[in-house]
Amino acid sequence: MNPSGGLARRAWLIEQVKKALPESPVLLADTGNFSDNPTPAGDAKTRALLEGMTRLGYQVANVGERDLTAGYDALMERVSGLPLKLVSSNLVRQDSKEPVFPPFTVVKVQGKGRKEIKVGVLGVVRFNPVFQKSGPTGTNIVIVPPSEALAKLVPEVRKQADVVVVLAALHKDDARAIAHEVPGIDFVLGAFANMISGTEDEVEGTTHLLYVGNQGKYVGESRVSIAPEGKIASVANYMHMLTARYPDDQATLDWMAGPLHKVQDIEKQAGGAAPAAAGGH
Amino acid sequence: MRIRVALAAASLMLAGTVLAQSAPTVATPPAPAVNPPASPQGLITAGRSPELEMLFTGDVVGFLEPCG
């Protein structure tokens with residue numbers, strides 16, 4: 001048994017990266033499907049995870065299919081009051097086909113003594129024609145093909161951003177297809193099942209693809225050098241498997257004690273035999 | 001005397017041949033730059049601070065604690 005991942009190790013890693021690269025602006029993102037099972041204990045874990053991610057400085061997250069298992073209202077309750085920006089480019093209202101969430105956001109980051117970088121962030125889930133979940137104001141949420149949605153959005157995002165990133169909760173083969181079909185995407189940062197990239201820079205056309213695995217066991221790192229004229233000059237990728245070699249950040253560990261205690265209380269109230277939630281084992 | 005002159009000439013020719021053979025024809029490539037580890041544990045690679053650093057996770061499915 002060699003458990004990997006966890007928010008406290010993630011916090012340590014982020015802090016160390018910031019110390020190692022003090023002048024670099026940092027984008028912290030999640031590609032979606034962050035939610036535990038839609039049980040009282042699972043919902044408490046999801047809320048705690050999202051709170052923890054905002055403590056760590058996450059700016060943006062894609063909405064995955066799993067995050068909508070209990071519908072739109074339940075998700076919005078879990079993210080209520082958090083500064084985390086949710087995006088989705090291809091989850092739309094069934095009635096009007098308008099986006100349910102902001103289809104993209106532009107995150108402005110600036111390092112010490114550096115010029116501001118505008119990162120355009122979009123998000124997609126795999127096309128699933130039978131997906132249908134309760135949405136806002138009485139409508140349902142459905143999924144449109146990701147390439148179709150991105151083809152409409154990327155040109156606009158390209159105008160507003162220096163770097164264009166798509167957060168992807170879909171198979172890497174689908175990500176390759178998107179890179180072929182939609183020009184103007186610099187990065188697809190993805191997670192789907194246990195697909196994990198190595199340190200090599202995988203490029204499809206001009207789009208860099210990086211996949212991070214699942215269950216929070218890994219953190220993907222991409223160091224992007226940008227030439228003065230604004231083009232991406234080079235990319236160096238690292239994949240951190242958060243084994244016990246990565247120490248816990250003590251402050252995060254201390255903070256986690258509260259939410260985990262609350263989860264235990266909920267499980268006890270449910271008779272100690274609540275359906276096993278996915279996270280926290 | 002003739003033998004000494006012949007030996008000296010042979011030595012000069014041999015030295016010239018050796019010099020010609022050892023003359024570098026291709027520049028030696030520089031050793032690749034290796035970034036030293038920045039953290040005590042050697043888990044974070046140091047180097048030039050890039051214009052943009054991206055860190056990301058995905059498909060976390062509620063895992064607050066280590067999994068596995």
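**Entry 1: ground rules**

I am working with a predicted model, where local features need pLDDT of at least 70, side-chain atom pairs count only at pLDDT 80 or more, and totals for chains, interfaces and linings use all residues. Residues are numbered from 1 along each chain as its sequence is written, while chains are lettered from A and ligands numbered from 1 in the order in which they are written.

**Entry 2: chain A as a whole**

I counted six helices and 14 strands in chain A. Helices (H or I, at least four residues) and strands (E, at least two) are DSSP runs, numbered from the N terminus. The radius of gyration of chain A is 19 Å, close to the 19 Å that the globule rule gives for 281 residues, so chain A is as compact as a globular protein of that length. Along its principal axes, the C-alpha trace of chain A spans about 60 × 50 × 35 Å.

Next I checked burial. A residue is buried if 20 or more other C-beta atoms lie within 10 Å of its own, exposed if 12 or fewer, and partly exposed in between, with C-beta atoms placed from the backbone. Buried residues make up 49% of the 281 residues in chain A.

I followed six strands through an open sheet, in the order β3(A)-β2(A)-β1(A)-β1(B)-β13(A)-β14(A), with mixed pairing. At the edges stand β3 (85-87) and β14 (232-241) of chain A, each with a single partner strand, so one side of each is left without a neighbour in the sheet. Neighbouring strands here are turned by 25 degrees against each other on average, direction ignored. The axes are lines fitted to C-alpha atoms, for helices over the stretch in contact, and angles run from 0 to 180 degrees between N-to-C directions.

A reminder on pairing: strands of a sheet pair through backbone hydrogen bonds, either parallel or antiparallel. Two strands count as paired if DSSP finds at least two bridges between them. I then went along the sheet:

- β2(A) (residues 60-62) pairs with β3(A) in the parallel sense over three bridges, and Val60(A) stands opposite Lys85(A).
- β1(A) and β2(A) run parallel, joined by two bridges; Asp30(A) has Ala61(A) as its bridge partner.
- β1(A) and β1(B) also run parallel, with five bridges between them. Here Leu28(A) partners Leu55(B), and Ala29(A) stands opposite Phe56(B).
- β13(A) and β1(B) are antiparallel over five bridges, with Arg223(A) opposite Glu53(B).

**Entry 3: how covered is the strand from chain B?**

How many of the six residues of β1(B) are buried? I found six. Leu52(B), Met54(B) and Phe56(B) point one way, whereas Glu53(B), Leu55(B) and Thr57(B) point the other way.

Two residues are in contact if their C-beta atoms, placed from the backbone, lie within 7 Å. By that test, 27 residues of chain B are in contact with 66 residues of chain A. The side of chain B that touches chain A has 15 nonpolar, eight polar and four charged residues. Ala, Val, Leu, Ile, Met, Phe, Trp, Tyr, Cys and Pro count as nonpolar, Asp, Glu, Lys and Arg as charged, and the others, Gly among them, as polar.

**Entry 4: helix α1(A)**

I picked α1 (residues 7-20) of chain A, which has ten of its 14 residues buried. Among them are Trp12(A), Leu13(A) and Ile14(A), along with Arg9(A) and Arg10(A). The elements covering them include α2 (40-56) and α6 (250-269) of chain A, together with β1 (52-57) of chain B.

**Entry 5: one glycine**

Where does Gly216(A) lie? I found Gly216(A) in the loop between β12 (207-211) and β13 of chain A. Gly216(A) is buried, with 30 other C-beta atoms within 10 Å. Leaving out residues up to four places away in sequence, Gly216(A) touches Gly5(A) and Gly6(A), plus Thr57(B), Val60(B), Phe63(B) and Cys67(B).

Key
The radius of gyration is taken over C-alpha atoms; the globule rule is 2.2 Å times the number of residues to the power 0.38.
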